[in-house]
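Reader: Could you take me through this structure? I would like to ask about it piece by piece.

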Amino acid sequence: MANQSNASRSISTLVAVEQYMSIYGPLILTTLGIIGNILSILIFLSPRYRRQSSHFYLLSLAISDLCFLCINLIEDTFRNHNELYQSRINILDHSSSIICIFIQYARNTTRLLSSWIIVSFTIERLLVVYHPLKRAIICRRKIARFVVFFLFLMSFLININVPFHYGIINLTNNFGKEDTICDILPKYRSIYMRFAISTMITVYLVPMCIIGFVNMLICSKLWRKSLLTEKDNNDHLCEQRQKIKHSRRSMNILELFSCLHRSKSTSNVMKPIEQFERPRISSLSQSQSIGSLITTKANTTQINNYLSTERIQNHTKSNSFLNSSANYTPGSKPSPTCVKTYIQSRANRVTVTLLLVSCSFLLLNSPYCAVWIANYIHGFRNATLKSIKEITELFMLTNFCINFLLYCVSGEVFRGELMYILQCHWKELYNRNDGEHRGSYKYRPNDEIQLKESTTKHRPTKYVIKNLNYYPYKS
């Protein structure tokens with residue numbers, strides 16, 4: 001008896017936790033997800049994000065997730081709150097049959113559409129990673145529009161059974177009162193499980209298998225590419241170091257020859273002066289010796305200025321040689337290697353963002369699928385599994401809310417555009433020319449700006465040294 005009472009207490013506690021989590025958990029997640037998806041839509045509609053096909057996929061995903069979250073808030077959250085508190089805020093259950101059918105149709109369609117949009121841009125990213133030279137052909141926004149439109153039609157047709165199976169039905173609630181609910185019609189409940197299984201397969205199982213396999217291929221390809229790139233960079237750095245060593249050796253040899261030449265020329269000039277000045281008095285000889293010392297000092301100053309000029313020029317050349325392979329200034333004509341490196345780094349950032357979205361889809365939907373299958377095996381009669389299923393639905397719901405956070409974490413450009421929205425700078429956000437200017441200058445790598453500043457810092461020094469060379473005897 002004691003064991004049975006403890007078991008019943010644990011089950012009742014689990015049911016109470018499930019009831020409160022089914023109300024307040026979805027309410028918080030849905031509210032945050034609606035705000036995040038609205039901000040994502042506003043950012044992806046800006047001119048900066050109207051170029052690539054992957055951004056169109058993310059825009060479509062944000063719209064689909066927003067629609068699903070709004071429907072889930074009206075249907076499940078308000079209904080659970082009404083069942084627990086009799087708040088009468090379940091507006092869907094008190095609506096007409098047409099509105100009920102439309103909401104259920106939109107819910108099933110957007111849920112299926114979101115899953116297959118993730119599958120679409122994951123496959124596109126696989127093609128880009130394996131065929132980077134055909135990126136311009138694969139990542140066309142026109143193709144992305146066609147794919148999303150095709151997926152929408154397929155989702156619409158797959159859920160064609162919804163208008164015939166759903167409607168407003170009468171029932172008795174937990175408080176013994178007559179109530180209405182928007183749910184599947186009683187005469188179709190015998191075949192409802194077949195449609196539920198097909199929904200689970202098409203919405204979760206098949207997309208998860210495809211996304212998992214494709215992500216493994218993408219990660220393995222990127223890993224091999226990173227190893228090859230690291231090896232090439234090491235070889236390139238070794239070549240650069242060898243060239244810098246040769247340039248330093250030539251500079252040292254040049255300094256040595258210049259010193260020898262200067263010393264030899266000064267000694268040849270001083271010999272006839274000493275022979276000519278010997279018969280004179282000691283005071284004159286002392287004055288001439290002082291003059292020769294001043295001349296020698298001036299010549300030494302000229303040599304030092306020349307050597308310092310050579311050092312600064314070689315240092316500037318070596319720095320520009322080291323940074324020219326990865327950076328370029330907008331004023332100069334960029335090399336094809338610099339452009340290729342910049343485009344590849346930008347493509348890698350997009351790849352990381354898309355991988356995060358697809359991996360979050362796998363991680364957050366896997367518990368819900370596993371518990372749902374366990375409930376199906378037990379005929380949905382186990383109260384513990386049903387309560388666990390309600391909890392895992394929060395993870396499934398998080399999948400529709402977390403994308404905005406992933407964009408903020410992985411996208412520097414996205415964070416910059418978000419700051420324009422938070423500061424209410426709408427003109428700067430949606431101005432096409434300003435967006436292009438920000439895309440070409442503001443989000444360039446910082447090394448480019450540092451390289452440009454370093455070159456401008458050396459210019460005044462060169463100018464002063466050249467003036468000293470023209471007037472070597474001015475101290």
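Reader: Which residues of H11 meet H12?
Author: In this predicted model, Phe404, Tyr407, Cys408, Val409 and Ser410 are the residues of H11 that meet H12. Their partners in H12 are Glu412, Phe414, Arg415 and Leu418. By type, the residues of this contact divide into 6 nonpolar, 1 polar and 2 charged.

Reader: At what angle do the two helices pack?
Author: The angle between H11, which covers residues 403-410, and H12 is about 110 degrees, and their axes are 5 Å apart. Angles of 65 to 115 degrees count as roughly perpendicular, and H11 and H12 are therefore roughly perpendicular to each other.

Reader: And which residues of H12 are buried?
Author: The buried residues of H12 are Val413, Phe414, Gly416, Glu417, Leu418, Tyr420 and Ile421. Phe414 and Leu418 are also among the H12 residues that meet H11.

Reader: What happens just after H12?
Author: Cysteine 424 takes a positive phi of about 60 degrees there. This cysteine lies in the loop between helix H12 (412-422) and helix H13 (426-430).

Reader: Is cysteine 424 buried or exposed?
Author: Cysteine 424 is exposed, because its relative accessible area is 52% and the cut-off for exposed is over 50%.

Reader: Why does threonine 392 count as buried?
Author: Its relative accessibility is 6%, and buried means under 20%, so threonine 392 counts as buried.

Reader: A change of topic: where is the kink in H2?
Author: The kink in H2 is centred on leucine 73 and amounts to about 35 degrees. H2 covers residues 53-85, and its 33 residues reach 47 Å from the first C-alpha to the last, close to the 48 Å expected. Just after H2, glutamine 86 takes a positive phi of about 55 degrees.

Reader: How far apart in space are glutamate 83 and glutamine 19?
Author: From C-alpha to C-alpha they are 9.6 Å apart, with 64 residues of separation in sequence. Glutamate 83 belongs to helix H2 and counts as partly exposed, at 39% relative accessibility.

Reader: What about H3: how many of its residues are buried?
Author: In H3, 24 of the 34 residues are buried, so this helix is largely enclosed by the rest of the structure. H3 runs over residues 97-130, and its end C-alpha atoms are 50 Å apart, which agrees with the 50 Å that its 34 residues should span.

Reader: Finally, how many helices and strands does the protein chain have?
Author: The protein chain has 15 helices and 2 strands. Of its 475 residues, 37% count as buried. Among contacts between residues at least 6 apart in sequence, 77% join residues at least 24 apart.

Key. Residues are numbered from 1 along each chain as its sequence is written. This is a predicted model: local features need pLDDT of at least 70, side-chain atom pairs count only at pLDDT 80 or more; totals for chains, interfaces and linings use all residues. Side-chain values use heavy atoms; hydrogens and water are left out. Helices (H or I, at least four residues) and strands (E, at least two) are DSSP runs, numbered from the N terminus. Buried means under 20% relative accessible area, exposed over 50%, partly exposed in between (1.4 Å probe, protein chains only). Axes are lines fitted to C-alpha atoms, for helices over the stretch in contact, and angles run from 0 to 180 degrees between N-to-C directions. Angles under 35 degrees count as roughly parallel, over 145 as roughly antiparallel, 65 to 115 as roughly perpendicular and the rest as oblique. Contact means heavy atoms within 4.5 Å. Ala, Val, Leu, Ile, Met, Phe, Trp, Tyr, Cys and Pro count as nonpolar, Asp, Glu, Lys and Arg as charged, and the others, Gly among them, as polar. The expected span of a helix is 1.5 Å times one less than its number of residues. The bend at a residue is the angle between axes fitted to the seven residues ending there and the seven starting there.
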